[in-house]
Amino acid sequence: MTVSLLPVWAVLTPVLGLCALLLCERWMRPERVAAPFVGLSLYLSLSMTYEVMTSQAPLVYALGGWLPPLGLTLRADGVGVLLMALTALVMTGVAICAWTPPGDATARSRFSFWALLLALWSALNLAFTAQDLFNFFVALEMLSFAAVALVALDGTRGALIAALRYLLFALAGSILYLLGVGLIYGRYAVLDLAGLREIAQPDTVTLAALALMTAGLMAKTALFPLHLWLPPAHAGAPAPASAVLSALVVKAPFLIILRLWVDLLPLPAAAPQQIMAGLGAAAILVCSVIALRQQRLKLMIAYSTLAQVGYLFLMFPLMPGPAPWQDIGWTGGLLQLASHGFAKAAMFLAAGLIYEALGHDRVAELGGLARRQPVTLAAFAIAGLSLMGLPPSGGFIAKLLLLTAAVETGAWWIAAVILAGGILAAFYVFRALGHALADGDPPMAPVALYRQGAVLALALCALALGFVPLRPFALLAIGRPLEALEAMP
Amino acid sequence: MTELLALTLALPLLAGALFIVATASTRAALFGFFAFGLFLALAWVALDAVDVALTEAAIGGGATGLLLLRLNGRMRHPVSLGEPAGPRLKIAAGLLAALVTLALGALLLALPEPAPSLAAATVEPLPALGIGNPVTAVLIAYRALDTLLEIVVLLIAVVGLRALGTDRGWGGRPVPWPEGEPSPALVFLARLLIPAGLVFAVYLFWVGADAPGGKFQASTLVAALWLLAIMAGLAPAPCSGGRWTGRALAIGPLAFIVAGTIGIAAAGSFLAWPEPVAKPMIIAVELALAVSIVVALVLLVAGPPERETGR
Amino acid sequence: MSTTLFGLTGAALVGIGLFGLIVHPTALRKLLAFNLVGAGVFLVFGVLARRAAAAGLAGDPVPQAIVITGIVVAFAATALAATLLARLSGPEEEP
């Protein structure tokens with residue numbers, strides 16, 4: 001492992017940006033204050049990815065020199081830097097898209113948007129690098145508060161109700177999670193993942209604690225049947241915020257679930273994994289069908305998020321080996337996470353630009369878009385490719401890997417669900433595309449080309465993930481198995 | 001601690017919780033919550049966690065209760081998220097609650113004996129830090145990142161609260177509270193309590209290094225006094241977009257990060273406290289944090305801005 | 001024994017809060033119930049701390065510090081929810 005301050009600065013740079021926004025509120029436009037911090041955070045995340053890839057070792061830092069179990073460490077492993085790079089690219093795309101706010105944006109919504117965006121970024125980087133169960137809790141709370149406020153940013157009654165429901169779900173999830181953390185502490189007096197890995201036993205208290213934590217995190221990641229809060233929240237937020245919420249925010253609790261079941265208590269595939277996969281399968285089937293019936297583009301995309309989150313949970317029973325990170329199920333699941341992140345961010349941003357151009361996002365009235373906004377529509381189509389799992393796209397590779405893993409482990413029902421989910425996704429994506437390709441000449445407001453370009457770039461990132469080789473991806477195994485820190489770094 | 005003392009605290013807690021849930025009047029439930037918070041703080045004292053008791057009394061019971069009471073006074077109609085529960089749902093919920101209580105109780109009884117502990121590990125480095133209270137050491141040294149980010153959570157909550165306000169009130173002061181002239185009794189009480197309270201807050205802040213107390217407890221006390229002064233019309237509520245408000249909110253995290261950076265150069269690690277000056281540095285950072293906490297708490301209780309800045 | 005009593009009280013508070021959360025339709029009462037559940041969970045942490053008394057301390061400081069952080073975070077959550085409620089119950093002045 002490499003001792004490095006980079007993870008610390010990745011968490012704190014957006015916090016510095018938040019402070020700068022508060023200090024400069026009266027003198028400078030918020031986007032100008034935030035821009036250097038966006039750039040710096042992007043640079044930090046990409047250079048961390050580069051460091052981890054070249055040194056083939058995780059970046060670790062023990063804060064204050066205090067080692068666990070007393071102290072806290074930040075540790076950027078292969079999975080962590082993949083998600084941080086995803087976050088950085090999506091955030092940059094969102095920042096470019098939101099650079100010129102719509103004409104009716106007020107001082108309140110502009111300032112709040114940039115401040116909350118930076119807050120989310122800090123929380124995400126913390127969630128991806130933290131190693132301590134209570135540190136995760138702090139990251140989740142930062143994430144929830146910023147996300148709830150973003151949902152309510154438009155100030156409409158619908159948005160406020162959606163934000164309230166979201167907050168109540170998030171609070172319930174937090175309390176369940178915290179109760180689990182308490183039981184773990186009472187059982188082991190250790191909260192550090194690596195330390196727990198060495199001593200954790202699959203006894204009643206530990207399993208109950210993990211179940212409580214997992215249930216709480218499921219509410220926050222909106223896994224079926226705890227998903228009801230998500231569609232109104234993600235559809236009601238301003239489009240750049242929806243992009244961040246759907247592409248990134250729901251992924252953080254998922255990653256923590258993954259760390260609990262792979263790092264903290266690695267168990268051979270058994271009932272818990274099957275239950276999670278079962279709920280994931282239900283999410284894919286039920287929510288895809290509901291997505292088909294949506295009249296509004298943003299709601300359709302939000303239901304699609306629920307289905308795509310379902311795919312992530314399919315990976316749990318597909319990693320049966322003693323070293324799950326060597327399995328193709330692991331690679332498939334994480335590639336699905338990354339490619340859905342890019343594709344969904346592009347899709348929500350595209351929906352936002354379409355809304356700005358047309359003044360509505362009713363699926364049935366999208367005619368004429370193809371001629372007037374070809375770049376936006378191309379981005380939408382490419383992102384749709386990844387959601388359906390058609391080649392060439394990250395979604396294709398991810399779903400192919402999951403499918404292969406399902407066949408190899410003999411989990412035929414999972415294979416069937418993956419195929420059915422792809423077909424359903426094709427239905428709802430093509431339905432929207434078909435309407436957009438239809439003739440029509442509605443009045444349209446112009447949308448700057450650089451913003452359409454940013455959306456296209458994100459969609460192309462999802463496409464580019466389709467060119468990684470079809471085997472366990474070395475980056476995703478860096479830093480595994482988790483080892484306890486033994487010396488003062 | 002004897003069983004009798006535990007019982008005399010546990011029974012009112014349970015009765016209070018049942019009253020809060022069962023009573024039909026929201027206002028009664030809120031006053032019940034205040035009493036509940038008081039007994040909860042006493043329970044923390046009985047558990048030998050005076051630091052937590054102070055925080056619970058100030059924030060858990062006091063500030064939260066005040067916030068909800070103010071909310072109840074301001075709400076013109078209740079916001080409902082569903083239908084009133086029928087008898088069937090009530091029975092099901094009761095069974096579920098009983099089941100959860102039993103399961104949780106069983107899990108607690110299943111915990112290992114003797115309990116694993118980090119207590120010894122927290123005591124050992126105390127001399128080098130120059131502080132005597134291990135809880136403070138956990139908050140400011142071993143788990144300093146949690147504390148730093150917890151202040152950021154408060155900041156995010158303030159930003160969120162402002163984001164949830166109206167456009168018309170952006171950058172202004174919160175709605176006045178209460179509406180109309182404050183009663184002479186309240187003004188008298190405020191004039192009496194505020195100086196005494198401030199002295200006690202300084203004391204709490206100062207002893208926090210070695211005895212129970214510290215920045216949170218002192219900050220909440222100052223925040224409560226400020227709120228009292230606002231209620232009595234003796235002090236203005238902070239202007240949410242004001243120059244000084246922004247500075248006060250940012251100074252805590254910034255001072256913490258600067259101290260952490262000094263730690264890299266002076267003690268070889270981010271957020272490490274260099275031995276000879278550990279205590280003065282910790283106190284300086286805690287003071288900056290206290291400023292941020294006070295302003296954040298007052299803003300959070302006072303609510304979103306709704307009044308124009310230029311009065 | 002008396003520590004166990006507080007642990008069971010914490011468990012009961014979680015149960016009572018959960019009951020309130022389910023049966024009360026209004027958001028403010030739900031918020032109160034949330035705070036009861038939170039108090040119960042924190043009390044459980046306090047019991048864990050008391051059980052782990054060692055090294056001359058009356059309790060393990062780590063869970064105590066965690067509860068202090070937790071109480072502040074829970075307050076921030078309540079404040080955000082209260083703001084949403086105040087907006088929702090007010091007159092509609094803006095779209």
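This is a predicted model: local features need pLDDT of at least 70, side-chain atom pairs count only at pLDDT 80 or more; totals for chains, interfaces and linings use all residues.
Reader: What percentage of the residues in chain C is buried?

Author: Of the 95 residues in chain C, 80% are buried. Among the contacts in chain C between residues at least 6 apart in sequence, 46% join residues at least 24 apart.

Reader: How many residues of chain C are in contact with chain A?

Author: Interfaces can be described in several ways. The size of an interface is often given as the accessible area lost when the parts come together. Here we can count residues instead: 24 residues of chain C are in contact with 22 residues of chain A. On the chain C side, the elements giving two or more residues are α2 (27–51) and α3 (61–89). The largest share, 11 residues, comes from α3(C). By class, this side of chain C divides into 18 nonpolar, 2 polar and 4 charged residues.

Reader: At what angle do helix α4 and helix α11 of chain A pack?

Author: First, the general idea. Two packed helices are described by the angle between their axes and the distance between the axes. In chain A, helix α4 (residues 107–129) and helix α11 (residues 251–264) pack at an angle of about 10°, with their axes 9 Å apart. Angles under 35 degrees count as roughly parallel, so α4(A) is roughly parallel to α11(A).

Reader: Which residues make that contact?

Author: From α4(A) come A:Leu124, A:Ala127 and A:Phe128, and from α11(A) come A:Ala252, A:Leu255 and A:Ile256. By class, this contact has 6 nonpolar, no polar and no charged residues.

Reader: Which domains does the assignment give for chain B?

Author: The domain assignment of chain B gives domain 1 (1–74) and domain 2 (130–311). Their C-alpha centres lie 23 Å apart. Across the boundary, 11 residues of domain 1 of chain B are in contact with 13 residues of domain 2 of chain B. The domain 1 side divides into 7 nonpolar, 2 polar and 2 charged residues.

How values were computed
Residues are numbered from 1 along each chain as its sequence is written. Chains are lettered from A and ligands numbered from 1 in the order in which they are written. Two residues are in contact if their C-beta atoms, placed from the backbone, lie within 7 Å. Helices (H or I, at least four residues) and strands (E, at least two) are DSSP runs, numbered from the N terminus. Ala, Val, Leu, Ile, Met, Phe, Trp, Tyr, Cys and Pro count as nonpolar, Asp, Glu, Lys and Arg as charged, and the others, Gly among them, as polar. Domain bounds come from an automatic or database domain assignment. Axes are lines fitted to C-alpha atoms, for helices over the stretch in contact, and angles run from 0 to 180 degrees between N-to-C directions. Angles under 35 degrees count as roughly parallel, over 145 as roughly antiparallel, 65 to 115 as roughly perpendicular and the rest as oblique. A residue is buried if 20 or more other C-beta atoms lie within 10 Å of its own, exposed if 12 or fewer, and partly exposed in between; C-beta atoms are placed from the backbone.
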